[in-house]
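Come along and look things up with me.

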2 protein chains.
Amino acid sequence: MEYSEAKDKFIKAWGTLGSNWGINKAMAQIHALLLVATEPMSAEDIMEELQMSRGNVNMNLRALMDWGIVKKEHKVGERKEFFTAGKDVWELAKQVSRERRRREIEPIIQVLGELQDVTGDNKKSVAEFKKLTSDLYDLSSKVDGMIEKFSKSDQTWFYKLLMKI
Amino acid sequence: MEYSEAKDKFIKAWGTLGSNWGINKAMAQIHALLLVATEPMSAEDIMEELQMSRGNVNMNLRALMDWGIVKKEHKVGERKEFFTAGKDVWELAKQVSRERRRREIEPIIQVLGELQDVTGDNKKSVAEFKKLTSDLYDLSSKVDGMIEKFSKSDQTWFYKLLMKI
DNA sequence: TGAAACTTTCAGAAATATTTGAACGTTAGA
DNA sequence: TCTAACGTTCAAATATTTCTGAAAGTTTCA
């Protein structure tokens, strides 16, 4: 496959993947483009390559920096800002897990915790409800802990873990 | 907290969580309601409790059955169909992982695989592209394998794994 | 066979999310 | 200080997703 075709395909696939994950297409595509880029890119460059408006690019670059997976760079003698995405896939995975944990798992654990002190007349309902929410709480906490560990670990740890599985 | 309040809160939270995960709110709320329910519920019951249209309930029940996390039941002497969600949180987690793997991880691995045979004049770009996509391919495959293992394992295995971590 | 009791479908309406582009803000250097 | 070259914001436009409700389809049983 020709490089340019492969690149397009990659960007498109990354965008679709993003949608499945609740990340918007533009954001995922900008990230894909920066992953593939060999040099830092300016907002202008990105607008051009992806045919997006200035506002859209600006907004999504900010979101990507928020996720900690895109960095701003300054080139000497240039007014413009440039952007890069880290090429280390392992670091990327850790950063994404870390953020998803913070944004998605922590809040549900929070709510499940609050639900533990439920009271009511219908003993059966209440008992079943407590069982359910505490089971969910336990499992979420365990998954949470696992992801925390993962997002702080190094690749060696992960490979060793894989062996054990 | 009063039972009915707790129940509402749980359903609402589950709905919000769903949205973060690309699962629509109605679907997540129906699931939450069935999780909490002590008896199988009919479409009518769900419509009433969640104030949703017949079409919406029907559609989302189908989607939940597609995910394998809601089952249809028939009561003797009743024309209506009833629905239940398994109460086993562990089974739920396994089923969700299994489906997400199939729907989201497998397709990206597929695409990454196809991108391996890229060619082009710009040696540097091509080399970096290959490095990136093959790194992504490796990591995805490993995560895929892990999830597969997880979704076939029993709880004991998981607890043992947690110990090792 | 007919009709009541359900379930399913789907076109259009409503709600939500994304994107645009032009106005506004900021900064560096002349 | 002024202005060119950028970055940022946000109201409105567009696109996408979800939801509704009525019509069509199906099943059961009198």
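Predicted model: local features only at pLDDT ≥ 70, side-chain atom pairs only at ≥ 80, totals over all residues.

How far from a phosphate oxygen of DNA strand D does a polar side-chain atom of A:Arg62 lie? I looked it up, and the distance is 3.1 Å.

**Ground rules**

Residues are numbered from 1 along each chain as its sequence is written, chains are lettered from A and ligands numbered from 1 in the order in which they are written, and side-chain values use heavy atoms, with hydrogens and water left out.

**Entry: DNA strand D**

Of the atoms of DNA strand D that come within 4 Å of the protein, 66% belong to sugar and phosphate.

The bases are touched as well. I saw an N or O atom in the side chain of A:Arg79 at 3.0 Å from a base nitrogen of DNA strand D. From chain B, a polar side-chain atom of B:Arg79 is 2.7 Å from a base oxygen of DNA strand D.

Next I asked which helices line this strand. My helices are DSSP runs (H or I, at least four residues), numbered from the N terminus. Helix H4 (54-66) of chain A and helix H4 (54-66) of chain B each supply at least two residues of the surface near DNA strand D. The largest share, four residues, comes from H4(A).

I sorted that surface by class: two residues are nonpolar, seven polar and six charged. In this sorting, Ala, Val, Leu, Ile, Met, Phe, Trp, Tyr, Cys and Pro are nonpolar, Asp, Glu, Lys and Arg are charged, and the others, Gly among them, are polar.

**Entry: DNA strand C**

DNA strand C is surrounded by 17 residues, with A:Ser53, A:Arg79, B:Asn58, B:Arg62 and B:Arg79 the closest. Sugar and phosphate make up 66% of the atoms of DNA strand C that come within 4 Å of the protein.

A polar side-chain atom of A:Asn56 lies 3.2 Å from one. An N or O atom in the side chain of B:Arg62 is 3.1 Å from a phosphate oxygen, and a polar backbone atom of B:Glu81 is also 3.1 Å from a phosphate oxygen.

Which helix gives the largest share of the surface near DNA strand C? I find that H4(B) does, with four residues. The classes here are three nonpolar, seven polar and seven charged residues.

**Entry: chain A against chain B**

I counted contact (heavy atoms within 4.5 Å) between the two chains. Chain A brings 53 residues and chain B brings 53 residues. The buried area, meaning the accessible area (1.4 Å probe) that two parts lose on being put together, summed over both, is about 5,000 Å². Carbon and sulfur atoms give 74% of that area.

I then searched for salt bridges (a side-chain nitrogen of Lys or Arg within 4 Å of a carboxyl oxygen of Asp or Glu). There are six across this interface. One of them pairs A:Glu128 with B:Lys87, 3.8 Å from N to O. On the chain A side, H6(A) gives the most residues, 13.

**Entry: the domains of chain A**

I checked the domain assignment, whose bounds come from an automatic or database source. Chain A has domain 1 (3-85) and domain 2 (89-164), and their centres, taken over C-alpha atoms, are 31 Å apart. Six residues of domain 1 are in contact with six residues of domain 2. The two domains bury about 650 Å² between them, 66% of it on carbon and sulfur atoms. In domain 1, A:Trp21, A:Trp67 and A:Ile69 lose the most area to domain 2, together 75% of what that side buries.

Terms used:
Near = heavy atom within 4 Å. Polar contact = N/O pair within 3.5 Å; in protein donor to acceptor, adjacent residues only side chain to side chain.
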